[in-house]
Amino acid sequence: MIQTLLAALLTAGLVVIGVLHFVWAFSPWPLKDEVAFTKAVLGNPSGTMPPAPLSALVGVALFGGVVITLMTRDAVPRIGPDWLCVTGSYGLALVLLGRGVGGYFLNSGAAVEFQRLNSKVYSPLCIVLGLASVAIAASAT
């Protein structure tokens with residue numbers, strides 16, 4: 001039951017973040033303009049949005065994490081050997097935990113808007129999602 005809830009949390013979180021990255025390939029939504037976006041999301045006031053292909057690639061990677069999570073939990077048919085799903089889940093956990101813990105170092109010299117959001121939302125969310133991925137991978141081994 002707990003593993004199912006963790007998988008649902010992880011999947012929902014990755015889907016929402018992935019969709020946001022696809023949106024950001026074309027728009028600074030939900031922020032009002034590019035300068036507000038770069039201050040709050042990237043930590044700099046440049047107003048230069050990341051290249052659209054890069055934002056879309058991050059979105060694709062996040063949806064890949066959703067697929068790996070669902071395959072590890074046997075919610076969708078697995079592609080490849082079992083060890084690949086478990087390794088993918090641990091890899092996803094490593095990336096999310098790395099961004100979560102390492103994200104606090106990004107605050108140095110960053111825009112105040114980013115520091116606030118990173119400390120209260122971005123990094124803690126990545127840590128929670130990373131721990132969920134660890135738990136899912138561990139339960140599959």
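Helices (H or I, at least four residues) and strands (E, at least two) are DSSP runs, numbered from the N terminus. The model is predicted, so local features need pLDDT of at least 70 and side-chain atom pairs count only at pLDDT 80 or more, while totals for chains, interfaces and linings use all residues. Residues are numbered from 1 along each chain as its sequence is written, and side-chain values use heavy atoms, with hydrogens and water left out.

**Exercise 1.** Locate Leu54 and state which surface patch includes this residue.

*Solution.* 
Step 1. Leu54 belongs to helix H3, residues 52-72.
Step 2. Buried means under 20% relative accessible area, exposed over 50%, and partly exposed in between (1.4 Å probe, protein chains only). Leu54 has 46% relative accessibility and therefore counts as partly exposed.
Step 3. Together with Leu57, Val58 and Val60, Leu54 makes a nonpolar surface patch of about 340 Å². Patches are made of residues with over 30% relative accessible area and no salt bridge; like charges are joined within 9 Å, nonpolar side chains (Val, Leu, Ile, Met, Phe, Trp, Tyr) within 5 Å. Accessible areas come from the Shrake-Rupley method with a 1.4 Å probe, and for residues only the protein chains shown count as cover.

**Exercise 2.** Describe how helix H2 begins, what its buried residues pack against, and what follows the helix.

*Solution.* 
Step 1. Asp33 caps the N-terminal end of H2, with a side-chain oxygen 3.2 Å from the backbone nitrogen of Val35. Such a polar contact is a pair of N or O atoms within 3.5 Å; within protein, one must be able to donate a hydrogen and the other to accept it, and residues adjacent in sequence count only if both atoms are side-chain atoms.
Step 2. Within H2 (residues 34-42), the residues Ala36, Phe37, Thr38, Ala40 and Val41 are buried.
Step 3. These buried residues pack against helix H1 (2-24) and H5, where contact means heavy atoms within 4.5 Å.
Step 4. Just after H2, Gly43 adopts a positive phi of about 90 degrees.

**Exercise 3.** Classify the aromatic pairs formed by Trp24 with Phe37 and by Phe114 with Tyr122.

*Solution.* 
Step 1. Rings of Phe, Tyr and Trp (its six-membered ring) pair if their centres lie within 6.5 Å; planes under 30 degrees apart count as stacked, over 60 as edge-to-face and the rest as tilted. The whole structure holds three aromatic pairs.
Step 2. The ring centres of Trp24 and Phe37 are 5.2 Å apart with planes at 70 degrees, so this pair is edge-to-face.
Step 3. Because Trp24 lies in helix H1 and Phe37 in helix H2, the pair ties together parts that are 13 residues apart in sequence. Both Trp24 and Phe37 are buried.
Step 4. The pair of Phe114 and Tyr122 is tilted, at 5.9 Å centre to centre and 45 degrees between the planes. Phe114 is buried, with a relative accessible area of 4%.

Technical notes
A salt bridge is a side-chain nitrogen of Lys or Arg within 4 Å of a carboxyl oxygen of Asp or Glu.
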